[in-house]
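Subject: Structure handover

Hello,

Here is the structure we talked about handing over. Please open it next to this note; my findings follow below.

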Amino acid sequence: MSSPTGPTPGLPVRMPRPRQSGRHRRPEPVAAPEGAPALVLAVPGAPTPAIRSLAEEVLSITRSELPGLEAVVGYLDGDDDAYPTLSTVLTNADTLRTQRYEIAVAAGREVAAPEGPAAIVVPLLAGPDSALMRQVRQAVMDSGNTAELTEVLGPHPLLAEALHVRLSEAGLARADRARLFTVATAADGIILATVGGEEAVQAAGITGMLLAARLAVPVMAAALDQEGSIAAVAEQLRNAGAEQLALAPYLIGPELAEGLLDVAAKEADCAAAEPLGAYPAIGRLALSQYMATLGIMPQQQGTPAR
């Protein structure tokens with residue numbers, strides 16, 4: 001309770017927390033610079049409401065990490081209706097930037113003419129896929145000099161973390177190695193499944209080594225889109241002593257053809273975890289690629305005491 005003149009005597013009053021000073025104070029959050037290019041998430045696969053929801057969730061993470069960020073989705077196989085194509089999104093980004101500049105000039109503001117890319121395109125791919133990347137590059141080329149393309153999201157330790165979480169959610173791995181308990185269905189061998197051919201398998205293998213270190217079990221990468229690859233890796237793991245295998249998709253989701261994962265799980269005769277989906281690390285990695293291209297330094301933590 002409080003009176004018109006202030007809080008009732010005897011009740012605690014919440015005071016604003018004083019700002020920390022010194023080298024250990026919490027850093028101010030980084031914000032997108034004024035006029036910064038849009039982050040355009042290039043989403044592969046046939047678009048569906050579920051894929052749109054996933055992509056929007058990823059972008060929601062990027063916006064929360066970098067206030068003021070303009071972030072939109074462009075679909076490689078869009079229809080320019082409910083699902084705008086990547087080419088259309090890039091054209092719109094350039095048009096919008098020009099319009100904003102003209103409005104600012106008409107209002108009498110002193111603003112510099114637009115220069116550099118109007119958009120930075122981040123492929124929603126955990127690993128390389130030459131066929132999909134050709135589509136992305138073609139859309140960027142068609143946009144003229146208005147967009148810049150980043151690398152795919154992986155390999156990265158955060159993706160190993162995401163794989164670990166998806167396996168533990170499926171009951172195929174312990175959530176925390178430090179805890180003194182076991183999971184009866186925990187796998188003793190992991191098939192890291194990807195698409196994109198041999199290049200994708202090699203890239204997945206790097207993240208696979210990080211996952212193996214987290215789980216203390218062997219992890220081998222295989223291609224879902226190469227006949228016999230999953231079965232061959234499953235046989236290798238079993239010959240090495242693994243008795244209970246698990247399939248871990250090194251995929252975000254939109255790039256995975258329907259039914260392909262189920263077929264692979266039957267081929268390997270094992271259970272499978274879910275794709276990475278909109279795990280928070282996906283949004284953070286997409287933003288990291290954007291910021292690196294733009295030259296924005298990520299938020300730094302306080303210097304540790306000596």
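**Strand E5 and its partners**

Val-121 has Leu-149 of E6 as its bridge partner. From E5 the chain runs through helix H3 (residues 130-142) to E6, and this β-α-β crossover is right-handed. Please bear in mind that the model is predicted.

E5 and strand E6 (residues 147-149) are paired in the parallel sense, with three bridges. E5 also pairs with E3, again in the parallel sense, over five bridges. There, Ala-119 of E5 is the bridge partner of Ala-38.

How much of E5 is covered? Five of its five residues are buried. Ala-119, Val-121 and Pro-123 point one way from the strand. Ile-120 and Val-122 point the other way, and all of these are buried too.

**Overall picture**

The protein has eight helices and ten strands. Its chain counts 306 residues, and 42% of them are buried. Consider the contacts with a separation of 6 or more: 74% of them join residues 24 or more positions apart.

**Helix H8**

H8 covers residues 280-294, which makes 15 residues. At 1.5 Å a residue the helix should span 21 Å, and its end C-alpha atoms are 21 Å apart, so the two values agree. Gly-295 follows H8, and its phi is positive, near 85°.

Which residues of H8 are buried? They are Ala-281, Ile-282, Gly-283, Leu-285, Ala-286, Leu-287, Gln-289, Tyr-290 and Met-291.

What do they pack against? Two strands are involved, E3 (38-43) and E5 (119-123). Two helices are involved as well, H1 (49-65) and H4 (157-169).

**Pocket and cavity**

The largest pocket has a volume of about 720 Å³. Its lining is made up of 28 residues. Glu-34, Gly-35, Ala-36, Arg-97 and Pro-114 lie nearest the centre of the pocket. Which elements give two or more residues to this lining? They are helix H2 (86-106) and H8. H2 supplies the largest share, seven residues.

A search of the whole structure for cavities of 30 Å³ or more finds one. The volume of the largest cavity is about 50 Å³. Its lining residues include Leu-125, Ala-126, Gly-127, Pro-128 and Asp-129. Leu-132, Thr-194 and Val-195 also line the cavity.

**Pro-84**

Pro-84 sits in the loop between strand E4 (71-75) and H2. Is Pro-84 buried, exposed or partly exposed? Its relative accessibility is 26%, so Pro-84 counts as partly exposed. The cut-offs behind this are under 20% for buried and over 50% for exposed.

Which residues does Pro-84 touch, leaving aside neighbours within four places in sequence? Its contacts are Val-73, Gly-74, Tyr-75 and Val-89. Val-73 is eleven residues away along the chain, and its C-alpha atom is separated from that of Pro-84 by 7.7 Å.

**Where to start**

I would begin with E5, with its five buried residues.

Best wishes

Note on methods: Residues are numbered from 1 along each chain as its sequence is written. This is a predicted model: local features need pLDDT of at least 70, side-chain atom pairs count only at pLDDT 80 or more; totals for chains, interfaces and linings use all residues. Side-chain values use heavy atoms; hydrogens and water are left out. Helices (H or I, at least four residues) and strands (E, at least two) are DSSP runs, numbered from the N terminus. The expected span of a helix is 1.5 Å times one less than its number of residues. Buried means under 20% relative accessible area, exposed over 50%, partly exposed in between (1.4 Å probe, protein chains only). Contact means heavy atoms within 4.5 Å. Two strands pair if DSSP finds at least two bridges between them. A crossover is right-handed if, with the strands pointing away from the viewer, the path from the first strand over the helix to the second runs clockwise. On a 1 Å grid over the protein atoms alone, a cavity is a set of points where a 1.4 Å probe fits but cannot get out, and a pocket is an open set with protein on both sides within 12 Å along at least five of seven lines; lining residues have an atom within 4 Å of a point. Grid points are joined across faces, edges and corners, and a volume is the space filled by probe spheres set on the points.
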